[in-house]
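Subject: Structure handover

Hello,

Please find the structure below, with my notes after it. Could you look through them before you set anything up?

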Amino acid sequence: MAAAESSKINMPSGGGRVRSATDDVDTILIGAGAIGEAVLYVEEQAYRSIIVAVDANTYPAAGQRLEELLRAKRLAVHVTIIKPDRQGDVIADEASLIQLLHDVKQQGAEAVIAVGGGTIHDIVRYCAYMAGIPFISVPTAPSVDGFNSKGAPILIRGEKITIAAIGPNAIFADLDVLMKAPSALTAAGFGDMLGKYTSLFDWSFGSLTAGEPYSLAAAERTRSALLQCVNQSELIARRQEEGIAALMSALIESGLAMLSFGQSHPASGAEHHLSHYWEMEYIRLGKRQLLHGAKVGAACVEIARLYHRIADEGIDGWSNSGSHERESPAAADAIAANWPQIRKHIADIPDSGTLTGLLRGIGGPASVSELQVSDELLARSMREAHRVRMNRYTLLRAYNERANAANA
Ligand SMILES: [Zn+2]
């Protein structure tokens, strides 16, 4: 198979087929009929036994067809349908992980194919890693930028932890499947991308004020994926092949930017911390989960609103004199010293009205109230969500530490 020798995936034009390879993933194919190519790939790798991991929705969407094509090649294939929890959600908890690990062992599987969205991928990436075998990604919706991530967020006794696991050896994103994805999932993928406006700001902010590691190349790569989505938003909204291909390639690009940098900074800032905070609250209360990207999109609107307000309030309050109560006094000094640049970077984030309009245009929830996140939860998360990742210095964290110091 001839793979383009590029570390960057080529952007599809006119919904055309794109095949690329990177250091981390040996084949990335976005195109109609990509499932057929996945079968050829499996054949080439000469796996003697393979598991197709699906859920009750992704089996009819793509898993069944994949199973039939693999069987037609006389390959030994077993289908594992991951069962939902009591709320009806498929989640990456102990029960799902053991269900798949058991089948991997029982079948002597030499590889697993993840057919589904982010959660199926997380379950598979963890199990393949634990079993010491590779996995292949067949996304069924352009819903999240984590398909090619190496980190597996899993739930152990209700606590979310992220295990450093493995990424897929190959990705086959079949536009015939992705075009039929439920529109809420496509809108969620757009929301996850829109969140890069605030994550990219927070990353530059953290590097400027707290010396966090930074890569201009990874930041630019993420920004160009983000702008590709925004520029194609009408085609995505109309679920045109060109738009869906652009969204899918942007999600994969964002994942590759994180892989190349080695951490999630390019794609995850305060908007993701809010989203994680809401997720943990819903797990605690046993409520049905909201889509990751839907939360990120709505959270991005709230963070953008706050950051523009902070910019409007100006430098007063950031100068550190007399506030040694502050948790990060050196960073507060750095904010004052770098204020003009910080303000300029905030100006690069669209205002909350523009972001709301973009989300609405795609047909996703455009606000926290449409997501049915309560005012109380929103207010509490805006005060506390920075504690989700205390190794990140975001403007949300700086703002909350300033407020806490003022109240001390
Ligand atoms: Zn995300």
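Helix α8 (residues 216-231) and helix α10 (residues 241-261) pack with their axes 9 Å apart and at an angle of about 170°. That angle makes α8 roughly antiparallel to α10. On the terms: angles under 35 degrees count as roughly parallel, over 145 as roughly antiparallel, 65 to 115 as roughly perpendicular, and the rest as oblique. Axes are lines fitted to C-alpha atoms, for helices over the stretch in contact, and angles run from 0 to 180 degrees between N-to-C directions. Helices (H or I, at least four residues) and strands (E, at least two) are DSSP runs, numbered from the N terminus.

From α8 the contact takes in A218, R221, T222, A225, Q228 and C229; from α10, A246, L247, S249, A250, E253, S254, L256, A257, S260 and F261. Contact means heavy atoms within 4.5 Å. By class there are 9 nonpolar, 5 polar and 2 charged residues in the contact of α8 with α10. Here Ala, Val, Leu, Ile, Met, Phe, Trp, Tyr, Cys and Pro count as nonpolar, Asp, Glu, Lys and Arg as charged, and the others, Gly among them, as polar.

This is a predicted model: local features need pLDDT of at least 70, side-chain atom pairs count only at pLDDT 80 or more, and totals for chains, interfaces and linings use all residues. Residues are numbered from 1 along each chain as its sequence is written, and side-chain values use heavy atoms, with hydrogens and water left out.

T198, F201 and D202 of α7 meet C300, I303, A304 and Y307 of α12, a contact of 5 nonpolar, 1 polar and 1 charged residues.

D312 also lies in helix α12. D312 is exposed, at a relative accessible area of 68% (buried is under 20%, exposed over 50%, partly exposed in between; 1.4 Å probe, protein chains only). Its C-alpha atom is 47 Å from that of N57, 255 residues away along the chain.

For the chain as a whole, the secondary structure comes to 18 helices and 10 strands. Of its 408 residues, 57% count as buried. The C-alpha atoms fill a box of roughly 75 × 45 × 35 Å along the principal axes.

Regards
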